[in-house]
Amino acid sequence: MENGQDAENLDIELERKKKKEEKAKEKELKKLKALQKAEAAKKEKGGKATKVKENKKSCSQDDDDGKFTDPPTLPGEKKNLAPEMAKSYNPAAVEAAWYEYWEKSGFFVADPTKKATPFVIVIPPPNVTGALHIGHGLTCAIEDTLVRWHRMRGFSTLWVPGVDHAGISTQVVVEKKIMKEKGLTRHDYGREKFVSEVWKWKEEYGGRICKQLRRVGASLDWTRECFTMDAQRCKAVVEAFVRLYKKGLIYRAVRLVNWDSTLKTAISDVEVDYEDIKGKTLLKVPGYEEPVEFGTLTSFAYPLEGGGEIVVATTRPETMLGDTAIAVHPDDSRYKHLHGKVVVHPFNGRKIPIICDSILVDPEFGTGAVKITPAHDPNDFAVGQRHNLEFINIFTDDGKVNSNGGEQFEGMPRFLARVAVIEALKSKGLYRKTENNDMRLAICSRSNDIIEPMIKPQWFVACNGMAKEACEAVRAGRLEIIPKQYEGDWFRWLENIRDWCISRQLWWGHRIPAWYVTLKDDRDKTFGAYDDHWIIGRNQEEVEAEVKNVFPGKEYSIAQDPDVLDTWFSSGLFPFSVMGWPENTVDLNTFYPTTLLETGHDILFFWVARMVMLGLTLTGQLPFKQIYLHAMVRDAHGRKMSKSLGNVIDPIDVIQGISLDGLLKKLEQGNLDRNEIERARAGIIADFPKGIEECGADALRFSLVAYTLQSDKINLDIQRVVGYRHWCNKLWNAIRFAMINLGKEFIPSDRPDIDSFPFSCKWILSVLNKAIAKINGCLAAYDLSGATTAVYSWWYYQLCDVFIEVSKPILNTDKDTSGFSNQKLSTQETLWICLDTGLRLLHPFMPFVTEELWQRLPRKTGVMKQSSIMVAEYPCFVPEWDFPEIESDMLVVDSIVRSLRSLRKQYELDQKLRPGALLLCRSDAIRNVVENVSKEIITLSGLSMLELTQDVNGTPVGCGVAVINDQLTVYLKLQSVVDPAKEVEKFENRRLGLQLKKETLAKQMNIAGYRDKVPQKIQAENAELVEKLTAELNAVEQLIANFHQLLHR
């Protein structure tokens, strides 16, 4: 599908990309030759020959002895892992080789014979001209999460990849290419040769975005990859057009269309953006060196035949060259004497009638008299039809005044003609005034040109009936829109839909399957002159046969309509054309209708509504059961991403990392003008002063999915992605810890006795069970943000921060030590269960790191382990792991630990110090709970020992005290680890230092002329420093008071 920005930069990048790819191929060839020599040498020695793919980034930086370095892996084969895990997470090393293995193993391929519930998604086909942008990244992250989740749950899962031919964008790119390389236009080439040139470009550069989708881990079924102009899709498009025509839903008519003078083609209503102009505004318009003025209302007089004048007002003075009437309100007393009169056009002498129209004319606006240009304004077009006016087109296809505009203005670009018309009116004494006027300007979303309404014969799709069916499908609950808030938009647009203009004046695209018949005895031989001379057919042979039926015995010639179809027409067929429609294929019967359509809410009408309308009409079925609409990605400041702002984020830059210099070089390679480059440069330096840190695909994916909590906009902060990259390091270290503490001889039990496990083991399994239920529930409800929160919280706060910490003393104990053997084995079993289950839980969100870590886990004896985590079973709720009472007891542990940690922080205790503590329990029940969990409290709080008492009067002196609740009070024994008197002395010295700094700064800020002479930035920094010093002083004062209390206890 097309996007106006997709064509940017490509013409500049083509040669660079081509040379880069050629160098890469040459390098690969050299490698291959070297490997072949090595293989031959090994064969001579009788050794085992292997063909390997080197991955330099897969080498860890930890050591040079090879034990941390992944051995080379044969392309597509299962990754060879280093004997030992590297000491830290390296995304480039982790993400190497896995995707090729998944794809070659056929894990992405859907089997239509599989007896399972299908889960089917088609990707919103990106443009063939496009490179992956952050919006694609979000789409990919969401869809792949859902696809992997369903695949692991045993669904017959199909995710269909495809690329859109992007009619306008692709044609523009190739036109620029041949102009730059050969100085030729497409017209110099001719249609057939130019289209051939586009196909060459597509074959050479069109696969870039598919490689990038692989890089982010998209588990698409590449065996079903399609292109919207491949043979099967062409067949589907022709069939759809013919069937819709025969149903009376496609027709040809002369209508007012949205004309783009830069692209020289009509565009549909949904491809028009609107900008509100507040008074006089200068805007840059393609093709004009100087900005063009908008937001003004110009008044001028038309001379009445026989004397007098009538004053009209317009925002587009140039269109007066095509005026064919002046309209007034029939009840406006100012003009009743002019009803039926005529004015004389000042430049061509054309007599223009004064008509009455109560529908259009507002007597309160302007002069109450309205000039009517039926060929260049939608409202005037309707007036022209009501009053049978003449329709005079005054512009050429490239936006210049044609001969109908008069010799004085012919050949002028329309906005230069605007100025010339005003000057000519002034010279004739007819100009009256120009005043500010708020207006709404129609702009092409692809070229940024100002839309010119133009009369053109075009093909249209009648949409009213289809739109009603689409509305009814949602109202009846057969089609669900998520989030529900977009239902209102759905109904508003479809209930006010206009017929869809599907003609495009391009050469690249699906040629309209309509032939015009010119009979030998036709008086007018102009192409398209007679509406009843059009024949629709699947091919020329079919058309020839129909011509003989319609015009028997006539001599004729036929010619196909030169126009192509709107790109969105073929995209609208995508959910069923990719399944082989119009043939009755196995895929069509098995996988259609699809399950879900996931895309951005910005193309709800461009694409989604059209798929629904066409699917219902052509297949009799909804193309999908649910529509999930994600938010639009903006920058961290909430601004729309724009190349001119320098805030566009390339997902590959986030994955691989890029320096500030690299970002600025990419900016220079674009096609922004110098002022825009400087503005963008400043934005890049401000937002990415150190470039973008390498985050990896997993961190980017997880971050984007986590952001889906935000409603219709996502304010993407790269630092959040960096945070998730650090979290990957925490996962890495958790597995390293496990591999060290499980040992090489550990074999997980097939049926562990969970009931005999110690407290902390039961607790972590119980909260894991809750996380499993939560994550599955969230994913089923498309609450992806809720799912990421649940999986992150369990891994980070419960497994790593609590269970692993609690398990360390147990795992560090010799297994043979009396009383600890069973406890250690149970802890090992629990740790393995948690890691195995937790990695499978996390896999749909972070496929690469979970695969790498899961492959390192020990295997169960006698149990066939899946070859990849992506085809392993997704975790589901386990009743035997449900321990609500233990979870309740753990809440007591948590409250005690939090209080003890707070006391440590309050007294600024060094982490290495291990004070004792005493718990005052005011009931037997709470004492029993605490006794059972005392080891966990000691470990998590960093204590040397923990005493329990129920004696209110027996509490020790020299303690920090915290009341947890009416049942528990905690005492942290400080005198055993610190000397309160020395602490008071230490903090009093710190207080003196802080006071001196604050006083010195205050003197500087009170010097005469400070506010006038010192830069505002320095003043702000000083004020902030004063606030910081004040806060530090307050904290030190509190610490002194705390230790003073200990001295007197």
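This is a predicted model: local features need pLDDT of at least 70, side-chain atom pairs count only at pLDDT 80 or more; totals for chains, interfaces and linings use all residues.
A residue is called buried when its relative accessible area is under 20%, exposed when that area is over 50%, and partly exposed in between, using a 1.4 Å probe and protein chains only. Good morning. Residues are numbered from 1 along each chain as its sequence is written, and side-chain values use heavy atoms, with hydrogens and water left out.

I begin with positive phi angles. Ala97 is not a glycine, yet its phi is positive, at about 80°. Where is Ala97 found? Ala97 sits in the loop between helix H2 (91-94) and helix H3 (98-104). Here helices (H or I, at least four residues) and strands (E, at least two) are DSSP runs, numbered from the N terminus. With a relative accessible area of 21%, Ala97 is partly exposed.

Glu908, also not a glycine, has a positive phi of about 50°. The loop that holds Glu908 runs between helix H28 (884-906) and strand S30 (916-921). Glu908 counts as partly exposed, at 39% relative accessibility.

I turn now to the peptide bonds. Between Ile482 and Pro483 the bond is cis, and its omega is near 0°. Pro483 belongs to the loop between strand S19 (480-482) and helix H13 (487-495).

The bond from Trp581 to Pro582 is cis as well, with omega near 15°. Pro582 is placed in the loop between helix H16 (574-577) and helix H17 (586-591). Thank you for your attention.
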